Amino acid sequence: MDQRAPASSQNKTSASGSALELRGLTKRFDRPVVDRLDLSIKRGEFYALLGPNGAGKTTTLRMVAGLLKPDAGSISVLGIDALRDPVAAKQIIAWVSDEPMLYEKLTPMEYLEFVGGLWGVDPARSEKSARALLASLGMEPHLHDRCEGFSKGMRQKVTLAGALLHDPQLIILDEPLTGLDAVSARHVKNLLRERVALGRTVIMTTHILEVAERMADRIGVIASGRLVAEGTLDELRQQIGEGDGSLEDLFVALVGGDMVAA
Amino acid sequence: MNSSAALAWFARHEFRLMRREWLAMMTAGRRARLVGVVAGFVFVAVIMHLLAYAVVGRIGDIDTAPAKTTLILVTASIVLAWALVLSQAIESVTRVFYTRADLDLVMSSPFAMSTVVSVRMSSVAVTMIALALVMVLPFVDVLAIGGGPRWFVAYGVTVAGGLSATAMALFVTVALFRIFGPRRTRFVAQIVSAVVGAGFVISLQIGAVLSYGTMSRYALLLSDSAASNLPGPDSALWWPARAMLGDGAALFALLAAGLVLLGVAMMVCAPVFGGNVVSVSGTAAVSGRANDEPFRLCTPRQALRRKELLLLRRDPWLLSQTLMQFLYLGPPALMMWRTFGNGSGTAMLLAPVIVMAAGQLAGGVAWLSISGEDAPDLIATTPLLPSHVIRAKIEVVLMVIGVTLVPLLVPMAVASPSAALAAGLGAAIAAVTATSIQLWFRAQARRSQFRRRHNSSRIATFAEAFSSIGWAAAVALVFVAPIVAAVTAVMAMLVLALTWAISPRRT
């Protein structure tokens with residue numbers, strides 16, 4: 001029995017215009033971490049989700065990726081109700097966290113073969129993509145080295161290659177550039193740009209505001225679990241009334257109070 | 001800070017960490033459990049004292065100038081306990097190198113490496129002595145009640161044993177580093193530790209099986225050949241036994257020897273250990289192997305199974321941790337081989353051992369497969385139903401148990417089909433039971449935390465042990481007292497039902 005997304009669910013994805021729709025998304029731990037969040041991200045968009053520590057960014061993305069169950073609200077991924085049909089949603093999502101989790105005793109190629117098997121990618125296509133992805137991330141000399149000897153940056157690259165192997169429609173990245181050197185970060189950014197050019201959607205959290213400023217089509221700023229501002233850089237400037245302010249200026253103006261409180 | 005003040009300061013730091021770690025281990029990080037832990041200790045202490053009374057309750061007034069057979073038996077008991085402590089000490093000393101924890105911080109500080117190593121080794125010695133004292137405490141108490149306070153000198157013998165075992169562990173570990181290098185030492189040390197721990201009992205049993213056709217270790221110790229071949233009562237060989245029986249001079253000599261041995265071991269090994277610690281930190285750069293095999297077509301469940309089996313195969317240290325209990329199957333297997341073809345009695349003797357081992361092995365492998373997941377986010381974001389993931393992992397556990405037990409069950413079936421059937425059924429039930437318990441109490445952890453898996457739930461640990469013992473007992477009794485066997489099986493099922501009832505609810 002095929003345990004993956006049914007074909008009908010896949011077809012539904014093409015009918016929808018937005019890649020991700022969150023409505024009234026709520027998650028409480030000892031306090032509301034995500035508080036009735038509404039968010040809409042278009043297909044083929046590079047969206048940067050910013051916010052101070054503890055704002056609810058990671059919790060939001062973990063709920064979208066199916067790692068956390070929301071207390072209330074809805075999540076729609078390319079027209080698929082991710083809460084009702086998580087398997088179908090996961091088939092077209094990729095998740096990369098800031099803490100690369102790998103199997104120490106596997107090589108990058110073995111790891112990617114395993115990931116390809118989980119997503120049911122054709123082995124020949126999976127192998128070709130694995131080699132191409134790892135090469136584009138500068139990992140070619142280490143294809144058959146076990147991951148136990150890798151630096152954090154190398155692990156992050158292998159994780160990213162694994163996440164992109166099944167050619168996901170929605171790529172969710174939580175601080176993907178943490179621990180990467182400048183050259184590696186450039187590799188990752190190029191790879192993400194290529195995906196967006198191919199019509200895939202990227203949603204990324206980052207504390208490196210320069211990256212968001214340069215790469216994102218739209219930026220959302222979240223504080224205390226709620227979206228406090230959203231738009232292109234110019235739109236954010238207009239909202240705040242800072243004519244030529246940098247993203248850092250806008251960010252501080254938007255969430256400075258929250259950061260002091262945190 | 002001068003060197004002795006630095007040593008004292010660092011020792012205080014170490015012992016504070018030890019105390020907190022021990023408390024965390026006992027209470028699983030919840031202080032509220034402390035009362036329960038204390039009550040548990042009292043309960044275990046009472047049971048242990050009752051057991052000790054059953055074993056040594058009538059020999060407290062033994063003669064202080066004992067017969068040679070008494071000296072042999074006492075010495076054998078001391079060697080057995082010492083071997084167990086040495087086994088633990090080898091593991092603890094090796095762990096110092098491989099559990100990095102704060103070692104990077106300490107190594108980058110201006111502390112002399114020899115100071116760090118000396119303090120860490122002292123803490124190992126203290127731990128080992130404490131462990132040995134806990135082991136002998138009920139026996140010494142019972143002996144003292146029956147034979148007077150002279151038996152309290154046994155605590156001194158225990159301290160001397162802890163000191164000498166730690167010293168020996170230091171020498172052994174340094175030698176292993178020299179011979180096998182930093183990459184293999186942890187694995188080899190674990191085997192050495194298990195062989196040392198079990199080796200004494202097993203070799204006594206093997207000797208008894210080969211010489212007298214019985215598995216009783218006493219057969220060899222009480223034999224005429226042992227009495228005639230071993231030296232006379234005045235030999236230094238019997239000093240530990242004499243000290244144990246109240247000889248003050250022998251005790252003093254043992255304590256002095258233990259202290260000197262540990263001192264020498266620290267002086268010799270501390271500088272070498274500094275280099276070893278550094279070399280272990282350099283083993284992170286693991287070279288790979290050339291492998292250009294094409295990717296294989298598989299279903300997601302096959303991919304999961306392959307991954308689990310590959311990880312087990314690649315990490316012999318983890319696998320050997322669970323397989324070590326099979327060492328104890330050696331003597332019964334030897335006995336079976338020796339009596340092969342002349343009756344099914346031995347096969348029936350082996351059946352409960354196999355069931356017990358299957359339960360324990362399944363518990364360990366199930367933890368590795370179900371809870372010990374190094375990439376939980378990856379697995380949780382795959383387009384698979386959680387039930388399919390769990391099913392694939394359970395399949396791996398049962399495959400490992402099957403592959404391990406079939407080579408034992410096949411010859412057994414030739415000797416005694418009914419015993420093999422009972423062993424096979426019992427092993428399957430024990431494995432499924434242990435796996436179910438691990439499933440109900442699963443708590444995400446890294447595979448490298450295998451040694452600490454019992455911390456996550458004491459209930460799961462005890463339930464796993466009780467049900468394995470229950471099924472093994474049921475199989476042992478099935479041919480001699482079927483009704484009692486049925487009652488035992490029902491009790492094992494009740495333990496399982498109770499465990500399920502109190503397991504955390506999952507949504």
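Me: How are the residues and chains labelled here?
Reply: Residues count from 1 along each chain as its sequence is written, and chains are lettered from A, with ligands numbered from 1, in the order in which they are written. The model is predicted, so local features need pLDDT of at least 70 and side-chain atom pairs count only at pLDDT 80 or more, while totals for chains, interfaces and linings use all residues.

Me: Which way do the residues of strand β6 of chain A point?
Reply: In a regular strand the side chains alternate between the two faces of the sheet. Here I93(A) and W95(A) point one way from β6 (residues 93-96), and A94(A) and V96(A) the other way. All are buried (20 or more other C-beta atoms within 10 Å of a residue's own, with C-beta atoms placed from the backbone). Strands are DSSP runs of E, at least two residues, and helices runs of H or I, at least four, numbered from the N terminus.

Me: Which strand does β6(A) join?
Reply: Strands pair if DSSP finds at least two bridges between them. Four bridges join β6(A) to the parallel strand β7 (residues 170-174) of chain A, where A94(A) has I171(A) as its bridge partner.

Me: What is the strand order in the open sheet of four strands?
Reply: The order is β2-β1-β4-β5 (chain A), with antiparallel pairing. Its edge strands, β2 (32-42) and β5 (80-81), each pair on one side only.

Me: How many residues does each chain bring to the contact?
Reply: Chain B gives 33 residues and chain A gives 34 (contact means C-beta atoms, placed from the backbone, within 7 Å). On the chain B side, α11(B) gives the most, with seven residues.

Conventions:
Buried ≥ 20, exposed ≤ 12 C-beta atoms within 10 Å, placed from the backbone. Contact = placed C-beta atoms within 7 Å.
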